[in-house]
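Dear colleague,

Please find below the structure that I am handing over to you. My notes on it follow directly after.

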Amino acid sequence: MIAAAGAILRKDLRLELRTKESVPAMTLFTLTVYVLFHFGLDRDSLDGELAAGVLWVTLLLAAVIGVSRLFAAEREQGGIDGLLLAPVDRTALFVAKAAALFLFLAAVEVVAVPAFGLLLLGPELGGALPELIAVLALADLGIATVGALVAALAAETNARELIVPLLLLPLMVPVLIASAQATEPLLRQDQGPEDLARWLGVLTLYDVVFVLLSVAVFDYLLED
Amino acid sequence: MYSKGFRSLALATVVTLATALTLVFFYAPLDADQGFIQKIFYVHVPMAIVALGGFVAGGVMAIRHLRSGDPSWDVRSYVAIHLSIILGVGVLATGAIWAKASWGHWWVWDEPVLVSFLVVFLLYCVYYPLRFSIEDPGRQARYSSVFAIAAGAFVPLNFIAVRLAEAYTHPRVLSQTGGSLPGEMRLTFLVSLLAMTLLFVTLWKLELTAKHAAMQLRRLKRRLAEREVVTT
Amino acid sequence: MPALPLDEAGKYVAGAYVVFLTLIVVYVAIIGAKIARIDRELTELVEDDE
């Protein structure tokens, strides 16, 4: 199963490197939204709760773009039937897609988080970086897992572009809450990771539940 | 299949509902802070609890559907979710009325049950477009079940997250739901909760019966049409 | 929060319970209409067959 998942993942990564369709779009989207927030909130710099909120809402909206495109390659080239005919464990497909989405999100964040620090953030980003990375990692795991699940759920519907955001965003609320609460003290003038453990715990719980659930349930999707 | 137990169930529901209403307005004492407004609590909170329970039950039925392949479990899951969404409208409406009466605004963010309910409600509203945009009936049932399971697992997670966050932004000043309820209020609340649960089950069985009858009718029509083709 | 005078509070409480009852009544009415239609179609089928 791991081998199959690795093969699918490598294929997806190679495809993305070649066509550059998802990650640049997601990154550009994030930067654009930061500019929108500057104008919308009429602020030059943010800190604390507002900064955490803007950072995470923007990331989640960018994730929607990534999720919508997750099975795009298979759809456009009719490849999904090929995958299904081959004796590939659906779980392998899920792991590969979730891993791909995780890596895409990480790639976007490598640019978007420093950009946020430059464009909108008041206090310096450097001090709390390790904690921020921990939050990002756990949050990305949750987003990637649920994102892959939602992408598969919406794969067969006609109204795909509408269903993905409507499904994904409410499901992301716990991730948003925990991530924003965890990040907020990290982005304040007087930094100090308060209660980080608690929110990391919430994120971990969410991740564990949805990883187990998705692995159990994915077999019933994309079946024919 | 549906008639014998159903009649007693419906009767029990009506009796419990009447009892609950009587208790609410003639037995439960007037709340010291909120006064008469607090009576809304006896309809709003049981509705919320039963709706959330209905969503989770829909998820459990969906699990049984996927494991057994039996489409009747999918129908049961659909009706449970459908009913919970309708109750959900009631929860949000009564919640808004309570908020307006208690705090002067039609919406408040410091009641975690209400807030987490809004998120859950928004999620489950997508159940219909998702379900009905898939044409193949087998696939429609399967995908709906996957959704019901994921959403059902989401309900408690969401509540935990919202509740924890509210503790930070809005320290709980008014604790309406549970905790220390004086005896008469607690009894009234429990009876109301029982009444709401019985009501849910009754309506659930009612809709299932109607759906079953409609399905049988369709089957009969098809068979009669086939028979005509053969004889003519 | 000071308790609202009974007549004002009564409107809100009545409103909430009315919402609840309306939902039930409308729901039961819709199911009732569905059942009535099934009954009508069944009768038609039986008559056609005769």
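Leaving aside its neighbours within four places in sequence, which residues is A:Ser179 in contact with? They are A:Trp56, A:Val135, A:Ala139 and A:Leu203, where contact means heavy atoms within 4.5 Å. A:Ser179 itself lies in helix H9 of chain A, residues 173-183; helices (H or I, at least four residues) and strands (E, at least two) are DSSP runs, numbered from the N terminus. With a relative accessible area of 0%, A:Ser179 is buried. The classes used here are buried for under 20% relative accessible area, exposed for over 50%, and partly exposed in between, with a 1.4 Å probe and protein chains only.

Please note that this is a predicted model, in which local features need pLDDT of at least 70 and side-chain atom pairs count only at pLDDT 80 or more, while totals for chains, interfaces and linings use all residues. Residues are numbered from 1 along each chain as its sequence is written, chains are lettered from A and ligands numbered from 1 in the order in which they are written, and side-chain values use heavy atoms, with hydrogens and water left out.

Chain B

Chain B has seven helices and zero strands, so that its pattern along the sequence reads α-α-α-α-α-α-α. The C-alpha trace of chain B spans about 80 × 40 × 30 Å along its principal axes. Chain B has 232 residues, of which 53% count as buried. Among the contacts in chain B with a separation of 6 or more, 78% are between residues 24 or more positions apart.

One residue of helix H2 of chain B is B:Arg64, which counts as partly exposed at 47% relative accessibility. Not counting residues up to four places away in sequence, B:Arg64 touches B:Gly69 and B:Trp73. The C-alpha atoms of B:Arg64 and B:Tyr78 are separated by 13 Å, with the two residues 14 residues apart along the chain.

Aromatic pairs

A pair of aromatic rings is described by the distance of the centres and the angle of the planes. Over all chains, the search of the whole structure finds 15 aromatic pairs; rings of Phe, Tyr and Trp (its six-membered ring) pair if their centres lie within 6.5 Å, and planes under 30 degrees apart count as stacked, over 60 as edge-to-face and the rest as tilted. The rings of B:Phe41 and B:Phe189 are stacked, because their centres are 5.4 Å apart and their planes are at 25°. This pair links distant parts of the chain, with B:Phe41 in helix H2 of chain B and B:Phe189 in helix H7 of chain B, 148 residues apart. Both B:Phe41 and B:Phe189 are buried. Elsewhere, ring pairs join B:Phe55, B:Tyr78, B:Tyr124, B:Tyr127, B:Tyr128, B:Phe132 and B:Phe147 into a cluster.

Chain B with chain A

In this interface, 27 residues of chain B are in contact with 30 residues of chain A. The area buried between chain B and chain A is about 2800 Å², and carbon and sulfur atoms give 75% of that area. Buried area is the accessible area (1.4 Å probe) that two parts lose on being put together, summed over both. Across the interface of chain B and chain A the rule finds zero salt bridges, a salt bridge being a side-chain nitrogen of Lys or Arg within 4 Å of a carboxyl oxygen of Asp or Glu. The side of chain B that touches chain A receives at least two residues from each of helix H2 (41-68), helix H4 (112-125), helix H5 (127-132) and helix H6 (137-169) of chain B. H6(B) gives the most to that side, with 17 residues.

Chain B with chain C

Here, 37 residues of chain B are in contact with 26 residues of chain C. Chain B and chain C bury about 2800 Å² between them, with 82% of it on carbon and sulfur atoms.

Yours sincerely
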